[in-house]
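Subject: A structure for you to explore

Hi there,

Here is the structure I promised to pass on to you. Please open it next to this email, and then read on for what turned up in it.

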Amino acid sequence: MFVDTHTHFYDEWLLPDAEEAVQRALDAGVGKMIQADVDSRERTAMWEIGNRHPGVLFQMAGLYPGSVGPDWKEELALAEQAATTRDIVAIGEIGLDYHEGKEYAREQKEVLRCQFELAARLNLPVNIHLRDAWEDFFEVLSDCKHLHLRGNLHCFTASYEIYERANRWADFSVGIGGVVTFRNASLPKTLERIPVERILLETDAPYLAPVPYRGRRNESAFLPLVAAQVAQVKGLSVQEIENQTTHNAETLFGI
Ligand code: NI
C-alpha cells in the first residue's frame, strides 16, 4: 500500500469526480491519502469529502502562504480553530511563497511563526510549502529551533544543501511528487543523497501530474508512477520504496 502525503480532492478541478478519484486511487494501491488545507474558502469542501472516507482520507489544517492577504488575521484564527477542534494529522500546508511577489512577505512570516507555535503546542508535524523564499524560511525556522519541529518539505525540488540546512533547526523529510519524473529535473541527483528513511511520496493532485500525464489533471491514482521513478533513482525495487515510504508516512503523521 502507498500513502499519498499531499493531495487536494476538494480542489475545484478535482471535486466534480472526487469520489471516483478516491476509488481509482484505492484500485491503484494508494490506501491512505492526506489532504493539505489552504484556507477557509475551501476548508468545508475538504472536510465533506474527508468525512466520507475515514481511515482512507486524512486532513491537515493550516493557512497556505498564497492565501495570506488583507484578511490574514481572520484567516489565521480560522485555521487555528480548525486545527484545535478537528481531527487532523498535521499543520499544513504552511510556509512562504514569494512567487507572485513579496507584498505580504512580512505577514507570511508572521503567519508561519504562529503556525509553527501551533504545531508545537499540538505536537503535530508541519507540511511545508516553499517557493522563492528559502532565506526567509531559514530565518523563521532558526528562530523557532526551540520548538523542535518535525515535518515534511512538500514538493521538494531544492538542493541537498537546502535539505541539510533545514535539518539544522528541525527534523524534516522531503515530499517527492511528479516533478521527479520530468526529464530535465535535477532532482534525481539530489534524491540520490537523501536517505530513503527521509522520503515521502505525494501527488499534490490536481497539480504537477507525473509523466506521461504531465500538464494534465493529476490524481492520487498516479502515485505509483512517482514511486517507480524514486525506486529507479535509489536503485531499489518499487516494493521496497512502497514499504519504506509508507512506513515513513505512517510514522510521521501517526496514521
Ligand atoms: Ni498542495
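**The nickel site**

Four protein atoms hold the nickel ion as donors, at 2.2 to 2.3 Å from it: NE2 of His 6, NE2 of His 8, an OE atom of Glu 93 and an OD atom of Asp 204. Donors here are N, O and S atoms within 2.8 Å of the metal (3.2 Å for Na, K and Ca), and water is not among the atoms, so sites may look incomplete. Along the chain, the donors of the nickel ion follow the spacing H-x1-H-x84-E-x110-D. His 6 in strand E1 and Asp 204 in the loop between strand E8 (199–201) and helix H8 (223–234) are 198 residues apart, and this pair links distant parts of the chain. Helices (H or I, at least four residues) and strands (E, at least two) are DSSP runs, numbered from the N terminus.

Both His 6 and Asp 204 are buried. Buried means under 20% relative accessible area, exposed means over 50%, and partly exposed is in between (1.4 Å probe, protein chains only).

What is the geometry of the nickel site? It is irregular, with angles of 84 to 175° among the four donor atoms. Four donors count as tetrahedral if all angles lie between 85 and 135 degrees; four count as square planar and six as octahedral if opposite donors are over 155 degrees apart and all others between 65 and 115; anything else is irregular.

A word on where this comes from: it is a predicted model, in which local features need pLDDT of at least 70 and side-chain atom pairs count only at pLDDT 80 or more, while totals for chains, interfaces and linings use all residues. Residues are numbered from 1 along each chain as its sequence is written, and side-chain values use heavy atoms, with hydrogens and water left out.

**Two cis peptide bonds**

Glu 93, one of the nickel donors, lies in strand E4 (residues 90–97). A cis peptide bond joins Gly 92 to Glu 93, with omega at about 0°. Another cis bond joins Ala 205 and Pro 206, where omega is about 10°. Pro 206 sits in the loop between E8 and H8.

**A nonpolar patch**

Leu 208 is also found in the loop between E8 and H8. Its phi is near 55°, a positive value in a residue other than glycine. With Trp 13 and Tyr 207, Leu 208 forms a nonpolar patch on the surface, and together they have about 280 Å² of accessible area. Such areas come from the Shrake-Rupley method with a 1.4 Å probe; for residues, only the protein chains shown count as cover. Patches are made of residues with over 30% relative accessible area and no salt bridge, where like charges are joined within 9 Å and nonpolar side chains (Val, Leu, Ile, Met, Phe, Trp, Tyr) within 5 Å. Trp 13 lies in the loop between strand E1 (2–7) and helix H1 (18–27). Trp 13 counts as partly exposed because its relative accessibility is 40%.

**Salt bridges**

How many salt bridges are there? The count comes to 17, where a salt bridge is a side-chain nitrogen of Lys or Arg within 4 Å of a carboxyl oxygen of Asp or Glu. One of them joins Arg 113 and Asp 143 at 2.9 Å, N to O. Arg 113 is in helix H4 (residues 105–122) and Asp 143 in helix H5 (residues 134–143), so this pair ties together parts that are 30 residues apart in sequence.

Arg 193 and Glu 161 also meet in a salt bridge, at 3.8 Å, N to O. Because Arg 193 lies in helix H7 (residues 187–193) and Glu 161 in helix H6 (residues 160–169), the pair ties together parts 32 residues apart in sequence.

Asp 17, Arg 24, Arg 217 and Glu 219 are linked in a network of salt bridges. Glu 219 is buried, at 6% relative accessible area, whereas Arg 217 is partly exposed at 22%.

**Packing inside**

In H6, the buried residues are Tyr 160, Ile 162, Tyr 163, Ala 166 and Trp 169. They pack against H5, strand E6 (150–153), strand E7 (171–176) and H7.

Val 233 in helix H8 is buried, with a relative accessible area of 16%. Leaving aside neighbours within four places in sequence, Val 233 is in contact (heavy atoms within 4.5 Å) with Pro 188, Leu 191 and Glu 192.

Enjoy exploring!
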